[in-house]
Amino acid sequence: MNILNLNKDEDYSYDDIFCGSEYLDLHQRAHLTEDDVVVSLSLDGCQLYQNKASDTWISIWIIDDLHPSSRYKKRSVLPGCFIPGPRKPKKMDTFLFRGIHHLSALQKENNGHGMCVWDASKEKVIYSRVAFLMGMADALGMPEIDRQVGHHGAKACWMCCQTKGRHKPGSGHYHLPHNHPSDAIPGCDHPDVDIRNLQTGNVEDYLRDLATISTSTTQAQYHHNRKETGLSKPTIFSGLDTTLMPPVPRFWVLDLMHLLKLNIPELLLSLWRGTISCERTDSKLNWPWMKLTGDTWTEHGKAIADCTQNFPTSFSRPPRNPAEKLNSGYKATEFYWYIFGLGPAHFRVILPQEYWHNFCHLTHGVHIILQRTISDEELQDAHTSFVQTVEEFEDIYYQCHVDRIHFCPPCIHTLLHLAPEVACVGPGCYSTQFTIERTIGNLGKKVKQPSNPFANLSQRGLCRAQTNALQSMCPEFNKSIQKKIPQGAHDLGNGFTLHPKKDRYKADIDGIEGEVISRTIGHARIQRWAELQLPNGQWICSIWKEKAYTKHRVHIARNIKININENIEYGEVQFYFLEQSPMGEQAYALVPLYSPPDPVLLEESFQTIWACSYQGLENLQVIKVQDIICLVSMQELPFFPGEAEDLWFVVEKPGMDDW
């Protein structure tokens with residue numbers, strides 16, 4: 001964790017990739033200016049058809065200089081290459097070469113001074129250099145560009161941390177348990193790994209290993225050196241200008257999408273359901289964590305499905321019934337809401353306490369690491385949680401049994417690198433595979449030629465690149481950036497907007513609601529509004545609007561997170577209203593606040609379960625809409641013996657309170 005101590009400013013926060021040490025070092029070393037451009041590459045494979053061999057690989061270029069709010073939009077992403085199937089390419093470098101060569105040529109333009117570009121804002125020709133910052137891929141795609149051995153090799157960590165894996169007798173498939181197994185075979189009997197002082201691979205170690213693999217004179221020697229170093233050959237990116245890129249291997253970044261929203265959830269569920277392979281020398285009768293079976297699994301699935309209505313539509317995909325749909329294309333976002341959103345509360349009534357505590361440690365770290373803005377203190381907290389998670393995980397699941405080595409795949413080890421990576425390249429949400437996955441999705445939908453889908457996809461990508469270039473040169477062609485306030489809406493400024501429905505005329509509000517309003521603004525004659533749009537893009541409804549929808553199910557979107565006098569509160573919006581004063585116009589919301597959280601449960605769950613009761617009209621407050629932080633989901637807390645009933649817990653969408 002030494003890399004986190006490089007920053008001595010206690011108030012320092014990481015809110016973009018430019019806050020990481022890799023970019024800051026590159027900026028200082030290359031003397032980058034406002035005229036230079038920074039780009040990154042992302043690579044991924046996909047299947048164009050579900051029931052047909054159609055393996056395709058796609059790469060995209062991301063312009064990092066753009067603001068995060070537009071950097072990952074369709075109009076800003078540049079298609080790089082399309083590698084047709086139906087089988088996986090044997091030599092990926094031959095397809096990536098043209099794009100990398102083009103980048104190399106641009107870096108050498110005008111003797112290294114950069115491209116000649118007309119800058120309309122300065123009304124002069126400028127020289128613009130192109131720097132390369134990050135290479136992104138998932139666990140299957142990364143070996144194609146970093147040329148390491150992959151996640152099954154003896155050195156499977158793509159952060160080059162030199163941690164050596166172990167395998168079971170008679171198997172060549174390596175895993176990454178850190179503790180020495182009781183009956184380790186020769187070659188896998190190295191000492192325990194000190195995960196509290198784990199070091200990320202440095203340039204010197206990489207160059208030494210690369211020299212070792214490059215000097216192999218025979219095939220047998222090459223295989224031996226490849227196993228010992230974890231490298232297969234030099235990466236094609238080493239041909240770029242070394243002054244305009246971080247040193248190899250520091251520009252390979254982790255992918256939080258597949259790690260936290262697919263790999264980790266699938267591992268945990270396979271353990272809790274007992275579907276992970278059990279060796280003959282082991283017995284599932286000795287697995288106290290295997291609780292999601294039989295009727296328990298069925299009832300648990302129904303309970304998760306019943307939570308759907310309490311998820312706002314802006315939360316994307318709410319989780320479907322896992323007992324029925326887990327093997328039917330369960331999406332990464334569904335896994336996240338299921339495991340790390342609803343999981344802490346729902347698994348609490350199922351798992352034994354020590355296994356639930358271990359899961360809560362993990363969830364606490366995940367909630368921090370997925371934020372858009374992470375303070376140095378939060379980063380230290382997240383790393384501590386991940387270290388405790390891995391230590392406890394190996395103690396309670398793996399237990400140093402050689403027949404349980406496969407309980408510790410590389411994804412568990414990778415948790416230890418998440419916090420240090422934020423210090424290097426900024427928050428991981430800015431370097432996930434979501435961008436290319438979305439590009440694959442919206443380009444794949446445009447394929448309309450089943451007889452030749454690969455050529456059709458390439459043409460669609462070419463058309464996208466040409467359209468993006470044209471809209472960049474002539475922004476008036478891009479209608480998506482010309483945002484207009486809808487008719488009937490009221491712009492409050494700073495990104496806040498009130499939307500109808502609204503009362504036709506002002507009217508007096510009766511009862512306790514009117515009394516609370518009168519205490520705040522001096523009277524209770526107002527015009528109610530139904531919806532509010534926040535600067536982060538979220539739309540918050542109100543009870544007044546949602547109660548009108550009685551003929552169909554409504555996804556509840558009226559619960560909010562509020563900052564009241566520097567204290568975090570949660571409430572449910574009754575309605576909004578405007579009030580004119582000598583100081584100007586001010587918008588308010590009438591909000592019944594939830595109770596403070598259960599302190600015992602909050603501490604036991606390591607801050608992952610904010611459980612509170614709904615107080616209704618007993619705790620009404622009028623708040624300014626500017627005090628609203630974000631929209632949240634309030635879910636019913638599963639009953640636990642000895643506790644109060646009718647409790648609710650908070651589920652937040654990560655990153656929404658950082659705008």
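## Exercise 1: a hairpin

Task: find the residue of β10 that is the bridge partner of Asp-491.

Solution. In β10, Asp-491 has Thr-497 as its bridge partner. Strand β9 covers residues 490-493 and β10 covers residues 496-502; the two run antiparallel and are joined by three bridges. Strands are DSSP runs of E with at least two residues, helices are runs of H or I with at least four, and both are numbered from the N terminus. Two strands pair if DSSP finds at least two bridges between them. Finally, look at the turn: two residues lie between the strands of this hairpin, and Asn-494 takes a positive phi near 60°.

A word on the model: it is predicted, with local features needing pLDDT of at least 70 and side-chain atom pairs counting only at pLDDT 80 or more, while totals for chains, interfaces and linings use all residues. Residues are numbered from 1 along each chain as its sequence is written, and side-chain values use heavy atoms, leaving out hydrogens and water.

## Exercise 2: a sheet and its helix

Task: work out the strand order of the open sheet of five strands.

Solution. The order is β16-β15-β21-β22-β19, with antiparallel pairing. At the edges are β16 (567-572) and β19 (611-613), each pairing on one side only. From one strand to the next, the twist averages 45°. Now step inside the sheet: β21 (residues 628-636) and β22 (residues 647-652) pair over five bridges in the antiparallel sense. Ser-633 has Val-651 of β22 as its bridge partner. Helix α11 (residues 332-346) lies across β21 and β22, at about 155° to β22. Such angles run from 0 to 180 degrees between N-to-C directions, and axes are lines fitted to C-alpha atoms, for helices over the stretch in contact.

## Exercise 3: a serine in a loop

Task: is Ser-605 buried or exposed?

Solution. Begin with the location: Ser-605 sits in the loop between α20 (599-604) and β19. Ser-605 counts as buried because its relative accessibility is 0%; buried means under 20% relative accessible area, exposed over 50%, and partly exposed in between, using a 1.4 Å probe and protein chains only. Next, follow the side chain of Ser-605, which reaches the backbone oxygen of Leu-601 at 2.8 Å. Lastly, leaving aside residues up to four places away in sequence, Ser-605 touches Trp-356 and Cys-360, where contact means heavy atoms within 4.5 Å.

Notes:
A polar contact is a pair of N or O atoms within 3.5 Å; within protein, one must be able to donate a hydrogen and the other to accept it, and residues adjacent in sequence count only if both atoms are side-chain atoms.
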